[in-house]
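Here is a short briefing on one protein chain. Look at the structure first, then read the points below.

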Amino acid sequence: MATYHPLIAPVPNGEDFVFAEVKSSKEIAFSFDKTKKSLKEFLLKPEEVLMTASFTEGKAKPAPIDDTMKILFGARPCDITALELFDQVFSIDYDDPYYLSHRKNTIILGLNCLNLCKNGFCGITESFAPKKGYDIMFTELPGEKFLVESGSLTGEKLIHKSMNVEGVKEEDRIPIIQTFKSMNDNLSNEKSLAGISSIMALDHQALWDEYGEKCLACNLCTSVCPTCWCFTVHERIAVSADDLSDVTKTEKYRHWTSCLFKDYHTVSGGHVFNPTTASRLEFYYKHKFKGIPEKFGVLGCVGCGRCVSACPVGIDIRESLERLTNVEIDIYEPSESSESSESSESSDVITELRL
């Protein structure tokens, strides 16, 4: 008997798009630039209880891990590329059971980009064509068709069990070749951030000071970033929903934070390692473009441009990288005609997935 799972997909939200649970393919936005936030909130929860304990009984026990299987459609290549970093972060030194459970129980259905998105610069970060990290990848072809490719054994099983798909025919060969050539022409960038780690080791104090005067340290950039994983752990009294007078239990929980917050750099005794906004911005950039590449072998930025869209004072990471590396990054503003067309007839297959 088939088992159905929650389907999460991009839906319109004002002028933006967000991931939300849907019941029909008609709710899904197939023509979208990118979602306002990345998919990380489904894998690294904004807040998650880790442990509970009792004041009176002294018993501590780990909180149950949510292992609900869900299907996430519409993951853009930059978000999928970011998972390569997250998968290492939460397993390379120790296994984080919470993240790994969410990751294992989330089926990723990717949707290739045909053009650069607004504020995107995935070509220079080489994050527009992931080779892994997804279960199925969809690519829109001319004539209201989708090319469906598996990226895992789970994806292969889903395609054969759940989708009414046809094998690639000879007449499809030319459209497929042309589509991927066009994608590569539109998204690739001959420029490179090679050597960025060494460049970040140099003195750029004037730049940090300039941005430090503007930055509000509001956390908007790090909250929408698909490669930011900073969290903090706190304890709180957990009042019983059945008996509000029962305050004998506590919860240890973690929630997102940001390296742009002063508290993030404050240790016991009140010492602050990075007391100024400028020093925290320097920390942020050096972590993205020096620390992460040296430890994990990938950039700490996938060029999605969400931070550019989110910043209320107009700090633009593309401008920062240009000034740091002297590599010019093209600014692209997509027109309405460059967006992919919606194909509800072809898209019905998305809501038919089952295990």
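The largest nonpolar core of this predicted model has 30 residues. A nonpolar core is a set of buried Ala, Val, Leu, Ile, Met, Phe, Trp, Tyr and Cys residues joined through side-chain atoms within 4.5 Å. Buried means under 20% relative accessible area, with a 1.4 Å probe and protein chains only. F121, M200, W208, Y285, F289, I317 and L321 have the most contacts inside this core.

**How to read the model**
- This is a predicted model: local features need pLDDT of at least 70, side-chain atom pairs count only at pLDDT 80 or more, and totals for chains, interfaces and linings use all residues.
- Residues are numbered from 1 along each chain as its sequence is written, and side-chain values use heavy atoms, leaving out hydrogens and water.

**The cores**
- Helices here are DSSP runs of H or I with at least four residues, strands are runs of E with at least two, and both are numbered from the N terminus.
- The most comes from α9, which gives five residues.
- I317 is in contact (heavy atoms within 4.5 Å) with F121, Y285, F289, C301, C307 and V308, leaving aside its neighbours within four places in sequence.
- Another core lies apart from the largest one. It has 22 residues, among them L43, A75, L83 and F296.

**Helix α11**
- Helix α11 spans residues 317-325, and its buried residues are I317, R318, S320, L321, L324 and T325.
- These residues are on the same side of α11, because they cover an arc of only 160 degrees around the axis. The arc is that of the directions from the helix axis to the C-beta atoms.
- They pack against α6 (196-200), α7 (205-214), α9 (277-296) and α10 (306-310).

- Four strands form an open sheet in the order β4-β3-β10-β9, with antiparallel pairing. Two strands pair if DSSP finds at least two bridges between them.
- Strands β4 (60-62) and β9 (231-237) are the edges, and each pairs on one side only.
- Between β3 (residues 47-54) and β4 there are three bridges, in the antiparallel sense.
- T52 stands opposite K61 in β4.

**The whole chain**
- The chain holds twelve helices and ten strands.
- Of its 355 residues, 47% count as buried.

Note on methods: Buried means under 20% relative accessible area, exposed over 50%, partly exposed in between (1.4 Å probe, protein chains only).
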